[in-house]
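Subject: Structure for your review

Dear colleague,

Please find the structure below, together with its sequence. My notes on its sheet follow.

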Amino acid sequence: MSDLTKLTIAQARDAMRAGETSSAEITDACLTAIEGAGALGAFVHHTPEIAAEQAKAADARITAGDAPDMCGIPLGIKDLFCTKGVPSQAASGILEGFRPEYESTVTTQLFDAGAVMLGKLNMDEFAMGSSNETSVYGNAVNPWRRGNEDTALTPGGSSGGSASAVAADLCLAATGTDTGGSIRQPAAFVGITGLKPTYGRVSRWGIVAFASSLDQAGPMTKDVRDSAIMLQAMCGHDPKDSTSADLPVPNFEAALTGDIKGKTIGIPKEYRVDGMPEEIEKLWSDGIAMMKDAGAKIVDISLPHTKYALPAYYVIAPAEASSNLARYDGVRFGHRAKLSQGDGITEMYEKTRAEGFGAEVQRRVMIGTYVLSAGFYDAYYNRARKVRALIKSDFEQVFADGIDAILTPATPSAAFGLGENMDPIQMYLNDVFTVTVNLAGLPGISVPAGIDKQGLPLGLQLIGRPWEEADLLNTAYALEQAAGFVAKPAKWW
């Protein structure tokens with residue numbers, strides 16, 4: 001078979017079982033593609049020996065006839081996931097040299113299912129960013145270009161390396177994490193599918209924490225079917241994570257009928273934001289028409305507290321980050337600053353954290369520490385928590401009123417140029433359509449649905465009821481079939 005790297009998970013699974021190819025062959029093709037794609041900055045730690053070993057074991061399992069769906073599938077793993085014996089730095093200088101002695105629950109489950117790890121993927125430092133420009137490894141680059149321009153574009157963030165690698169066919173799929181949109185926004189920017197599951201559906205154990213009440217891992221794949229297959233392997237109750245839900249994991253792929261007749265899709269008026277580009281407006285209208293044509297009922301809805309979501313998110317997330325990142329002190333693991341004579345423990349903390357953390361992480365730690373401080377706790381943090389509860393109740397109300405899913409744009413624009421959007425406030429506005437989903441703990445998926453006039457992909461977002469990923473994936477599958485998005489970036493790297 002030619003073009004093995006272009007296969008979807010479903011195609012590769014079926015081809016391997018039919019004896020048309022092997023995991024070793026697909027893995028070799030991916031490793032060759034990765035070697036030739038240094039310009040994308042997607043892979044930051046390479047694990048070809050591990051990949052070859054896992055592929056060989058997967059082929060033996062497939063031959064024996066007892067292989068799960070993910071068996072033999074070559075993946076990229078975001079650098080936020082701890083992988084035993086392999087550098088896991090969260091793209092930060094402060095974790096330089098850290099090789100965990102344990103494996104995250106998600107990667108354990110994927111490897112138990114026979115998946116193959118090609119290497120670790122670039123990301124924003126500690127998952128804080130929307131453009132993959134805060135990484136200690138340097139920028140990840142979007143494989144798409146504007147028209148005939150050479151401008152390097154962002155693949156989005158924080159899962160920028162994952163997005164870039166999947167879109168450029170360096171791996172068949174990748175893991176991502178989503179705290180405020182870090183799976184869905186990059187997926188939209190590179191024309192792939194990105195799914196953020198319900199909070200608690202996927203274990204967070206062994207994933208470097210950013211904001212513990214918001215973080216959720218999910219699949220980044222070439223299409224909706226692949227998201228369903230990969231999510232099933234990632235899910236399940238984990239006693240090591242106190243927020244992990246003890247719920248049965250359905251067969252998500254079996255739910256993909258594409259039939260959404262009689263479903264009710266909500267269109268929230270609050271997502272029509274000022275200054276939204278015409279192309280995003282048109283994409284949304286087209287998506288609404290597609291859902292209607294597929295037999296769904298379209299209903300206008302209101303989520304009145306949406307306008308407070310970004311400010312609430314940018315209080316809660318930094319507050320949790322400042323607590324989670326307090327452990328990086330130069331004492332137990334990672335980077336430790338060189339000390340001058342007479343320096344004590346305080347100087348060691350200060351110098352280590354100043355050297356180890358990048359500017360964006362420092363900014364968020366300072367904001368978080370400020371909003372948690374004695375004089376401001378009630379004014380900021382407690383108020384943000386109350387707003388969060390109101391946002392959650394907005395969604396509960398519309399779902400109680402019979403809405404099955406909510407359709408919105410995924411991002412307020414197409415991918416922008418690296419270095420073009422340096423104002424932090426402007427950067428934070430990238431999350432305007434995605435943060436509500438994290439604050440409410442809901443599942444959300446970004447599906448590529450169109451191309452803008454510069455030839456860049458645009459995504460639509462579907463938000464589902466809690467724990468009903470199967471139903472959400474089926475609605476996304478109907479949207480994907482209607483949109484018929486098949487565009488790929490022209491190879492320049």
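In what order do the 11 strands of the open sheet lie? The order is β1-β3-β2-β4-β6-β5-β10-β11-β9-β7-β8, with mixed pairing. Strands β1 (43-46) and β8 (297-301) form the edges, each pairing on one side only. On average, neighbouring strands of this sheet are turned by 30° against each other, direction ignored. Please bear in mind that this is a predicted model.

Two helices that pack on the sheet deserve mention. Helix α3 (residues 48-64) touches β1 and β3 (116-121), and its direction makes about 155° with that of β3. Helix α15 (residues 469-483) touches β5, β7 (264-268), β9 (405-409), β10 and β11 (457-464); the direction of α15 makes about 5° with that of β10.

Seven of its eight residues are buried, so β10 is largely enclosed by the rest of the structure. Strand β10 pairs with β5 (residues 193-196) in the antiparallel sense, over three bridges. Within this pairing, serine 446 of β10 stands opposite glycine 194, and isoleucine 445 of β10 stands opposite leucine 195.

Strand β10 also pairs with β11, again in the antiparallel sense, over seven bridges. Here proline 448 has glycine 459 in β11 as its bridge partner. The hairpin of β10 and β11 has five residues between the strands, and glycine 455 in this hairpin takes a positive phi near 85°.

Yours sincerely

Conventions. Residues are numbered from 1 along each chain as its sequence is written. This is a predicted model: local features need pLDDT of at least 70, side-chain atom pairs count only at pLDDT 80 or more; totals for chains, interfaces and linings use all residues. Side-chain values use heavy atoms; hydrogens and water are left out. Two strands pair if DSSP finds at least two bridges between them. Helices (H or I, at least four residues) and strands (E, at least two) are DSSP runs, numbered from the N terminus. Axes are lines fitted to C-alpha atoms, for helices over the stretch in contact, and angles run from 0 to 180 degrees between N-to-C directions. Contact means heavy atoms within 4.5 Å. Buried means under 20% relative accessible area, exposed over 50%, partly exposed in between (1.4 Å probe, protein chains only).
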